[in-house]
Amino acid sequence: MVKIIGEALPNIPWEEKPGGCGELLWRYSKNPIIEKNPTASSARIFNSAVIPCGGGYAGVFRSDHKDITMHLHFGKSADGIKWDIDDEEIKWLDEDGKPFQPAYAYDPRLVKIDGEYFIMWCSAFRGQPTIGLGTTKDFKTFTRFENAFLPFNRNGVLFPRKINGNYVLLSRPSDNGHTPFGDIFVSESPDLKYWGKHRLVMSVNRSTAWQSLKIGAGSIPIETSEGWLMIYHGVVLTCNGFVYSVGSALLDIEIPSVVLYRTRPYILTPEEPYETVGFVPNVCFPCATLCDAATGRLAIYYGAADTYTAIAFGYINEIVDFTKANNALVPGDSDVGKN
């Protein structure tokens with residue numbers, strides 16, 4: 001039995017697996033949970049992050065406005081399914097309390113470390129994409145740090161605790177376009193400002209087409225007795241464009257640049273109409289999970305077709321067992337990753 005190092009979440013959004021379903025994950029029957037035009041300013045909300053907060057849930061949401069600019073909005077929910085999302089974007093302050101608004105912001109992640117909430121997103125650095133990082137204690141005042149990295153970088157994901165005394169962040173170096181390449185790296189910091197000890201974690205796997213073009217970390221890694229469970233996305237370039245699917249991997253607890261197992265098949269891929277038809281078709285893009293350590297239940301929040309927000313469910317035990325049984329490491333995955 002896999003032990004999950006985390007807290008019980010008895011009110012986790014949940015729906016039992018439908019009878020006859022043979023898949024590892026199953027979709028919420030009322031997907032998508034966020035439809036088109038969810039607020040007056042928002043055309044689409046997707047690729048967003050949620051977290052337990054105060055007996056309910058808080059979220060930081062990617063909102064593509066009706067002028068097709070990208071912003072982060074705050075939202076709250078009693079049940080993790082029905083969301084009340086602010087129509088106005090989050091207003092960021094720098095560490096001196098002065099306005100520090102990013103030119104654009106998208107694909108957030110959200111984690112709580114030592115009683116403080118940290119937000120990661122793709123941010124603008126002189127118009128080029130890099131990783132933004134900020135914090136809040138109450139989801140009312142938001143403090144933005146200086147950019148964590150130089151351009152170009154995306155998919156910044158903090159681990160939920162320090163490892164060997166340092167904060168640890170996954171990322172995916174990229175370029176300024178719709179990046180046609182990309183591996184997952186990890187970096188360390190004593191203070192969330194100065195980053196180093198960069199290591200390669202995981203490369204694309206060209207023997208499994210769904211993750212052959214680029215990969216990127218998804219939700220916050222989940223600590224288990226078998227390693228850090230990392231939900232990630234993988235991309236293939238088909239004759240009809242990019243297809244984004246979801247996989248899982250287990251990373252070493254003390255040296256997270258070492259991959260222990262990663263899935264050969266995907267665990268979720270665009271199949272439903274809300275995943276295959278939209279502003280960007282054929283996308284399942286995970287940004288958040290909720291986990292009940294007592295039962296092993298997992299709710300994965302993912303963006304669908306760059307248009308909707310959806311949920312899929314599963315059990316940690318089953319995902320870990322599946323990842324081990326369907327392992328497809330590539331050369332370098334199990335190295336420490338210095339070179």
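## A serine with no exposed surface

Ser 123 has a relative accessibility of 0%, so it counts as buried (buried means under 20% relative accessible area, exposed over 50%, and partly exposed in between, with a 1.4 Å probe and protein chains only). You will find Ser 123 in strand β8, residues 116–125. Helices (H or I, at least four residues) and strands (E, at least two) are DSSP runs, numbered from the N terminus. The side chain of Ser 123 makes a polar contact of 3.2 Å with that of Trp 121. A polar contact is a pair of N or O atoms within 3.5 Å; within protein, one must be able to donate a hydrogen and the other to accept it, and residues adjacent in sequence count only if both atoms are side-chain atoms.

Which residues does Ser 123 touch, leaving aside neighbours within four places in sequence? They are Pro 102, Tyr 104, Gln 128, Pro 129, Thr 130, Ile 131, Gly 132, Arg 144 and Asn 147 (a contact means heavy atoms within 4.5 Å).

## How the model is read

This is a predicted model, in which local features need pLDDT of at least 70 and side-chain atom pairs count only at pLDDT 80 or more, while totals for chains, interfaces and linings use all residues. Residues are numbered from 1 along each chain as its sequence is written, and side-chain values use heavy atoms, with hydrogens and water left out.

## The chain as a whole

The chain has two helices and 22 strands. Its C-alpha trace spans about 50 × 45 × 45 Å along the principal axes. For 339 residues, a compact globule would have a radius of gyration near 20 Å, and the 18 Å of this chain agrees with that. The radius is taken over C-alpha atoms, and the globule rule is 2.2 Å times the number of residues to the power 0.38.

Of the 339 residues, 58% are buried. Among contacts with a separation of 6 or more, 55% are between residues 24 or more positions apart.

## Strands and a helix face

β2 pairs with β3 (residues 56–65) over nine antiparallel bridges, and Phe 46 has Arg 62 in β3 as its bridge partner.

In a regular strand the side chains alternate between the two faces of the sheet. On strand β15 (residues 214–217), Lys 214 and Gly 216 point one way and Ile 215 and Ala 217 the other, and all are buried. β15 pairs with β17 (residues 227–238) in the antiparallel sense over four bridges, with Ile 215 opposite Gly 234. Turning to helix α2 (residues 316–325), the buried residues are Ile 316, Ile 319, Val 320 and Thr 323. Seen down the axis of α2, these fall within an arc of 95 degrees, so they line one face of the helix (the arc is that of the directions from the helix axis to the C-beta atoms).

## Salt bridges

How many salt bridges does the structure hold? There are eleven, a salt bridge being a side-chain nitrogen of Lys or Arg within 4 Å of a carboxyl oxygen of Asp or Glu. One of them joins Arg 27 and Glu 271 at 3.6 Å, N to O. This pair links distant parts of the chain, with Arg 27 in strand β1 and Glu 271 in the loop between β19 (259–262) and α1 (273–276), 244 residues apart. Arg 27 is buried, at 18% relative accessible area.

Another bridge joins Arg 161 and Glu 223 at 2.9 Å, N to O. Arg 161 lies in the loop between β11 (153–158) and β12 (167–173) and Glu 223 in strand β16 (residues 222–224), so the pair ties together parts that are 62 residues apart in sequence. Arg 161 is partly exposed at 27%, whereas Glu 223 is buried at 13%. Finally, Asp 64 and Arg 62 are both buried, and the closest N and O atoms of their salt bridge are 2.8 Å apart. These two belong to a salt-bridge network that links Arg 44, Arg 62, Asp 64 and Asp 107.

How values were computed: Pairing = 2+ DSSP bridges.
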